[in-house]
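Please open the structure in your viewer and keep the selection tool at hand. We will go from stop to stop, selecting a few residues each time and looking at what lies there.

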Amino acid sequence: MIQSITFHYPTCIDHALIDNQGIIRGGSYHPIITLKGRVSEDESVVIDFSKGKSLIKSIIDDKSAIGFDHKLWVIPGYSACVVGDIFHSDGDRVRVKTSSDIEIEIPASDLHSPTNRFNGDVALMIAEDMKHVLERELAKNGLDVEVECSLHQFPFLRNADNVHHLFRYVHGLKDSSAYGCKNIAHGHLSFFEIIERAKGYRKDCQDCLFGERQLADWFDRFAHTIFINRDNIVDENDSYIHIHYNTPRGDMKMRLPKRASINAVILDTETTIEYLADWFTRQTINYLHLAKVKRFVISEGLQKGVVVDVDDWLRAEQGGS
């Protein structure tokens, strides 16, 4: 018997992408993967769901260039950049030079570039590439299946009716224990969601509405941001910011031009979501008060993130317990 089984959101694929303007932008996708194959005689399944999910995730997360998660994506026919190989004694590396004068040098395994050409839609192209990669790699594990793949950008909100905003960012975490997070050129499609209001909130409150508009405008301004830990800057002048750090997966280098189209924010801390949440709260505290926001979520990608209690944050800022 032939049957199809489906895996909804077996993982969240966080990445960065060189776009058609030569800008590096963060992104995240939830995949839906369907496997069509023969039902086995021993277990009466196409594949055990737990084993199938584990295999799919391991291929998508693969540390080599076949993987998709926490990689820099360069899309043939779309990404406005040139990729050159660099050969070092510690392993193959690539240098990416974009049309906006961004320069990135990373281990070759940190870059993913599909073999198919751009078809007018990045998500459809990556899904087609993922289909072929999954079919090939699953076959190596003895699984003869046809794969269907689609990519989605639905945030895991607590309530779809809550006020929320999507935003993208790029960063690299030198000291992270997660292998993928060390990549200087990876990012996320994230969300801000108001989950609790303070007393006195009304939908027709003019102060509340004004605060919400200011929050929306703020996210419009910071919709695409590159966050940089100041400790990782090795040189800065009127024209460029040079970032460089070393990790067990290799040297990470990026040169960013100082121009309006590239929104770079330098922090005096690491750029984990915990510190980004603190920075965001500090930047928007007046708007949060006007909108009577008591608690909110700010995410790293489409699934996970930080919950901020505004009163607790204020007490900590004022040196309270």
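In which loop is the place of Asp101? Select Asp101 and you will find yourself in the loop between strand E6 (91-98) and E7, where helices (H or I, at least four residues) and strands (E, at least two) are DSSP runs, numbered from the N terminus. Before going further, note that this is a predicted model, in which local features need pLDDT of at least 70 and side-chain atom pairs count only at pLDDT 80 or more, while totals for chains, interfaces and linings use all residues. Residues are numbered from 1 along each chain as its sequence is written, and side-chain values use heavy atoms, with hydrogens and water left out.

**Two positive phi values**

Asp101 has a phi near 75°, a positive value in a residue other than glycine. Its relative accessible area is 25%, so Asp101 is partly exposed; buried means under 20% relative accessible area, exposed over 50%, and partly exposed in between (1.4 Å probe, protein chains only). Now select His70, in the loop between H1 and strand E4 (71-73), which is not a glycine either but has a positive phi of about 55°. His70 counts as buried, because its relative accessibility is 10%.

Select residues 103-107, which form strand E7: four of its five residues are buried, so E7 is largely enclosed by the rest of the structure.

Arg249 is the next stop, in the loop between strand E14 (240-247) and E15, and at 8% relative accessibility Arg249 counts as buried. Leaving aside its neighbours within four places in sequence, Arg249 is in contact (heavy atoms within 4.5 Å) with Pro107, Asp110, Tyr179, Gly180, Lys182 and Asn183.

**Two helices side by side**

Select helix H3 (residues 206-221) together with helix H4 (residues 273-290), whose axes come within 6 Å and cross at roughly 155°. Axes are lines fitted to C-alpha atoms, for helices over the stretch in contact, and angles run from 0 to 180 degrees between N-to-C directions. That crossing makes H3 roughly antiparallel to H4, a term for angles over 145 degrees, while under 35 counts as roughly parallel, 65 to 115 as roughly perpendicular and the rest as oblique. Residues that make the contact include Phe210 and Trp218 of H3 and Phe280 and Tyr287 of H4.

**The six-stranded sheet**

What is the order of the strands in the open sheet of six? It reads E16-E12-E10-E11-E17-E18, with mixed pairing, and the edge strands, each pairing on one side only, are strand E16 (264-267) and strand E18 (304-309). Neighbouring strands of this sheet are turned by 30° against each other on average, direction ignored.

Inside the sheet, select strand E11 (residues 186-197) and strand E17 (residues 293-300), which run antiparallel and are joined by five bridges; here Ile194 stands opposite Phe296 in E17. To finish, select helix H5 (residues 310-317), which lies across E17 and E18 and runs at about 70° to E18.

Technical notes: Pairing = 2+ DSSP bridges.
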